[in-house]
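Thanks for coming. Please have the sequence and the structure open while I talk.

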Amino acid sequence: MPRQGDAMHLRHLAVAGGVWLFASCVRSQSALPASWEGDRSIVFPPFYAQSALQVGAEAKVYALDGRLLQAVRAAMDDFIPPGSREERPCWGKPESYRSRVIREGDIFFILIHEDPDACGAQYVGVDTGARYAVSIDGRILRRSVGAEPDAIQVPEPVDAGIPGAERMLEPESHLQVDGGTL
Amino acid sequence: MRFDPLRMPARLEGPMPGTPLFDTAWDALLAACPLILAQPNASAGNAGATSFDVRWRMSKEYCAWLYYVPDERYALSKLVESSDPTRNGFEQGCRAPAFVEDSRYPPDSLKYLYFLHNHPATPTNLSERDIAALAKMARIHGGYIETKAGRLPIGVIAFYSNSSAASPTSCDGFYEYTYGGAEVVRWTPDEEGHWQRTRAGTVTWTSGTEFRFVPTR
């Protein structure tokens, strides 16, 4: 994705679930408890206010930021911890998800959502997946699941949004295509 | 109902026990709202209330189908609660089979009008994932169904309650988005019980699966 030189730019990117597999050189955060929510003063931006830049189309070349991959991997590893050999349903596998990513300053906001093409037409799911805020050094700052309200109870929310900044970066694509392009 | 995540059935059973066939979809929606919100932990109430965090962590989403039957009436399926503690222990949301079986009718005679669920806390709105789910529904069932009332777009509904105290009358309103629409609509009853419609966001589709959703703030 193009970089524009400074952290004032926000980018919206959609990445297929398989991307994290390729960011193997980053360190991982120790497992977070299921009830962990992190800093609830962090407010998520709307992930669909803009169209996403789709990353992974066939026969194109992409240059992906290492910190972006690190952030997506941290989020996906938390959402679906790697290494388990137990049998999983289709929606229990990272390749069944896409990640929609917005960078705002030093924070990556990531929406992990089901790839509608991944698990066939057997079921319909609402509010599955999760939202994450991940720091530029790969630490998960906030986890939100379901249809959680914004942090309105916090007196002075720290919205990581930057007024006037350009928004969004979302990598989204089919797994097999992404796997071949990274 | 709960399913083994590895063995989700192809069809969800209907009707919901104790529910009749409804003459209108609206009647079915108004019946479903308190039924869903009265389920255990279906409402954590308002996010500004005391001890909300505890209730939120315990809260659950339930989902069901509102479907149209050959008798030209509307029915509710059984409810699904699909949280899966065996996987990561924290994911919420609700997954249900894309089809319903109702022993009163041939399986392929049913038409799917609304996918219903609750949002356990307020303030809320339809989520982006709800709208994405509707896009998947449209791919499975088609975007419209033919009824006695004419051709209707299929939709997704999120019921909510401002109170964490479950009661048979818990229903403070719901959000609706129908296939192809430009708006997410919020329905709330006024003091006299008349339902009022307000815009809760705008939706613009850029392809069959990509859309922009700007919630009303």
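This is a predicted model: local features need pLDDT of at least 70, side-chain atom pairs count only at pLDDT 80 or more; totals for chains, interfaces and linings use all residues.

Start with helix 3 of chain B, residues 128-141. How far apart are its end C-alpha atoms? They are 20 Å apart, and that agrees with the span of 20 Å that 14 residues should give at 1.5 Å a residue. Next, how many of the 14 residues are buried? The count is 11, so helix 3 of chain B is largely enclosed by the rest of the structure. Just after the helix comes Gly142(B), with a positive phi of about 90 degrees.

Stay in chain B and go to Ala42(B). Where is it? Ala42(B) is in the loop between helix 1 (25-37) and strand 2 (45-46). Is Ala42(B) buried or exposed? Its relative accessibility is 1%, so Ala42(B) counts as buried. Leaving out residues up to four places away in sequence, Ala42(B) touches Ile36(B) and Leu37(B), then Lys60(B) and Tyr62(B), and finally Asn118(B), His119(B) and Pro120(B). Tyr160(B) is 118 residues from Ala42(B) in sequence, yet the C-alpha atoms of the two are 8.8 Å apart.

Now the rings. Over all chains there are 19 aromatic pairs. One of them is Phe44(A) with Phe47(A): the ring centres are 6.4 Å apart and the planes are at 35 degrees, so this pair is tilted. Phe44(A) and Phe47(A) are both buried.

Phe44(A) also pairs with Phe109(A), edge-to-face, at 5.8 Å centre to centre and 75 degrees between the planes. That pair links distant parts of the chain, 65 residues apart. Phe44(A) is in the loop between strand 1 (11-16) and strand 2 (53-54) of chain A, while Phe109(A) is in strand 4 (residues 107-114). Phe44(A) counts as buried because its relative accessibility is 4%, and Phe109(A) counts as buried at 0%.

In chain B, ring pairs join Trp26(B), Phe159(B), Phe174(B), Trp187(B) and Trp195(B) into a cluster.

Last, arginines over rings. In chain A, Arg100(A) lies over the face of Tyr48(A), 3.7 Å from the ring centre. In chain B, Arg151(B) lies over the face of Tyr144(B), at 3.9 Å from the ring centre.

That is the end of the tour.

How values were computed
Residues are numbered from 1 along each chain as its sequence is written. Chains are lettered from A and ligands numbered from 1 in the order in which they are written. Side-chain values use heavy atoms; hydrogens and water are left out. Helices (H or I, at least four residues) and strands (E, at least two) are DSSP runs, numbered from the N terminus. The expected span of a helix is 1.5 Å times one less than its number of residues. Buried means under 20% relative accessible area, exposed over 50%, partly exposed in between (1.4 Å probe, protein chains only). Contact means heavy atoms within 4.5 Å. Rings of Phe, Tyr and Trp (its six-membered ring) pair if their centres lie within 6.5 Å; planes under 30 degrees apart count as stacked, over 60 as edge-to-face and the rest as tilted. A charge sits over a ring if NZ of Lys or CZ of Arg is within 6 Å of the ring centre and within 35 degrees of the ring normal.
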